[in-house]
Amino acid sequence: EFNRSDLFGLMLNASWDTGESSWIIGGEYYQDRVASQRLKENIISGQINTSQSRFPDDSSVVQSAIYANLEKQLGGRHSISSGIRLSMVDIDLSETAVSTATFLNLNDLSADIGWIFALSDQVQLVANLAHGFRAPNIFDMGTLGERPGNRFNIPNPTLDSEYVTQFDTGIRSRTDRLNTELIFYRLDYRDRITSVLTGATTTDGRDIVQSRNQAEADIWGLEAAVNFSFHDNLILDAIVNFAYGKEKESNNTSVPADRMPPFNGRVGLRYELNELLVFEPYIV
């Protein structure tokens, strides 16, 4: 089996300050092209035959976007930040033995607004509200044919984007030697892509499945971080993350959300010997 993905991108942005405001505007362009082949060899006769590749060979995803971001100070204790992004995604899937060529164009907006309130010179309250989307990629649309678990995946040319609304809030403290941060967040996913049983089977007994926008998920999480400077060149850095999620499937059953990371963290000690050499052991 041979799979390859070549990604090329270009980003341009500009920034400037106007009084108590700071602006960023920009654009980006990415092209991802996939090459995929699969061969099967009879280990007795040595005969080699071409098989259905994991992904449609010579498929591509083109993503382009324009965006703007504003940060503004409101008085002495409040500041806000907001951003908006228009994304355009073109998905071009090549024809395969089990699917026709498919072209999908998806355009959507993402946006966020954040607020910072200074309780004192050292302590801040922070909050952020955001809405975004994830367009289906070649893995979502083009992983066809025989799949693990005695499944056979058929194409869905009408697959659409996943949408998510995120809210996070927390508190952070900054002093000369000690920085701490505690953030709580929640993610509400809608139209999440999931593999659905169609009720049909192949001639060799595999369950036929299809990727559809039929799942919902609610995820909660907590992040805590500490950065302590013992000396100008000796710094302790630690962070822990916890996340929990529930997913509602198409039949209204609730199950633990998939692809959730376990409780995890990182502790590191950074020692700067000089401007050129840094020693930083850490445990994950």
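Predicted model: local features only at pLDDT ≥ 70, side-chain atom pairs only at ≥ 80, totals over all residues.
**Reading contacts, cores and strands**

Student: With which residue does the side chain of Glu272 meet in a salt bridge?

Tutor: A salt bridge is counted when a side-chain nitrogen of Lys or Arg lies within 4 Å of a carboxyl oxygen of Asp or Glu. The partner of Glu272 is Arg270, with 3.1 Å from N to O, and Arg270 is itself partly exposed at 30% relative accessibility.

Student: How many salt bridges does this rule give, and which distant parts of the chain does the pair of Arg54 and Glu1 link?

Tutor: The count comes to 18. Arg54 and Glu1 meet at 2.5 Å, N to O, and they are 53 residues apart, with Arg54 in the loop between strand E3 (48–51) and E4, and Glu1 in the segment before strand E1 (2–18). Such labels are DSSP runs numbered from the N terminus, a helix (H or I) having at least four residues and a strand (E) at least two. Arg54 is partly exposed at 28%, as is Glu1 at 44%.

Student: Which parts does the pair of Asp218 and Arg186 tie together?

Tutor: In that salt bridge the closest N and O atoms are 3.9 Å apart; because Asp218 lies in strand E12 and Arg186 in strand E11 (residues 178–201), the pair ties together parts that are 32 residues apart in sequence. Through shared partners, salt bridges join Arg186 and Asp218 with Asp188, Arg190 and Glu216 into one network.

Student: How many aromatic pairs does the structure hold?

Tutor: The general idea is that rings of Phe, Tyr and Trp (its six-membered ring) pair if their centres lie within 6.5 Å, with planes under 30 degrees apart counted as stacked, over 60 as edge-to-face and the rest as tilted. The structure holds six such pairs, among them the stacked pair of Trp115 and Phe117, at 5.9 Å centre to centre and 10 degrees between the planes. Phe117 is buried at 15%, whereas Trp115 is partly exposed at 35%. Trp220 and Tyr244 have ring centres 6.1 Å apart and planes at 25 degrees, so this pair is stacked; it ties together parts 24 residues apart in sequence, because Trp220 lies in strand E12 (residues 207–231) and Tyr244 in strand E13 (residues 234–248).

Student: Over which ring does the charged end of Arg266 sit?

Tutor: The rule asks that NZ of Lys or CZ of Arg be within 6 Å of the ring centre and within 35 degrees of the ring normal. Arg266 has its charged end over the ring of Tyr282, 4.2 Å from the centre, and that of Arg192 sits over Tyr189, 5.0 Å from the ring centre.

Student: Which strand does E10 join through bridges, and how do they run?

Tutor: Two strands pair if DSSP finds at least two bridges between them. Twelve bridges join E10 to E11, and the strands run antiparallel; they form a hairpin with three residues between them. Twelve bridges also join strand E7 (residues 123–134) to strand E10 (residues 162–174), again antiparallel. Val164 in E10 stands opposite Gly132, and its bridge partner in E11 is Tyr189.

Student: Which residues touch the most other members of the largest nonpolar core?

Tutor: A nonpolar core is a set of buried Ala, Val, Leu, Ile, Met, Phe, Trp, Tyr and Cys residues joined through side-chain atoms within 4.5 Å. In the largest, of 14 residues, they are Ile91, Ile138 and Met141. Strand E5 (78–93), strand E6 (102–118) and helix H1 (138–142) each give two or more residues, and E5 gives the most, with three. A second, separate core of five residues includes Tyr185, Leu187, Ile219 and Ala243.

Student: With which residues is Ser60 in contact, leaving aside neighbours within four places in sequence?

Tutor: Contact means heavy atoms within 4.5 Å. Ser60, in strand E4 (residues 59–74), is buried at 6%, and its contacts are Asp32, Arg33, Asp90, Ile91, Asp92 and Ile138.

Terms used: Residues numbered from 1 in each chain as written. Heavy atoms only, no water. Buried < 20%, exposed > 50% of the residue type's maximum accessible area, 1.4 Å probe, protein only.
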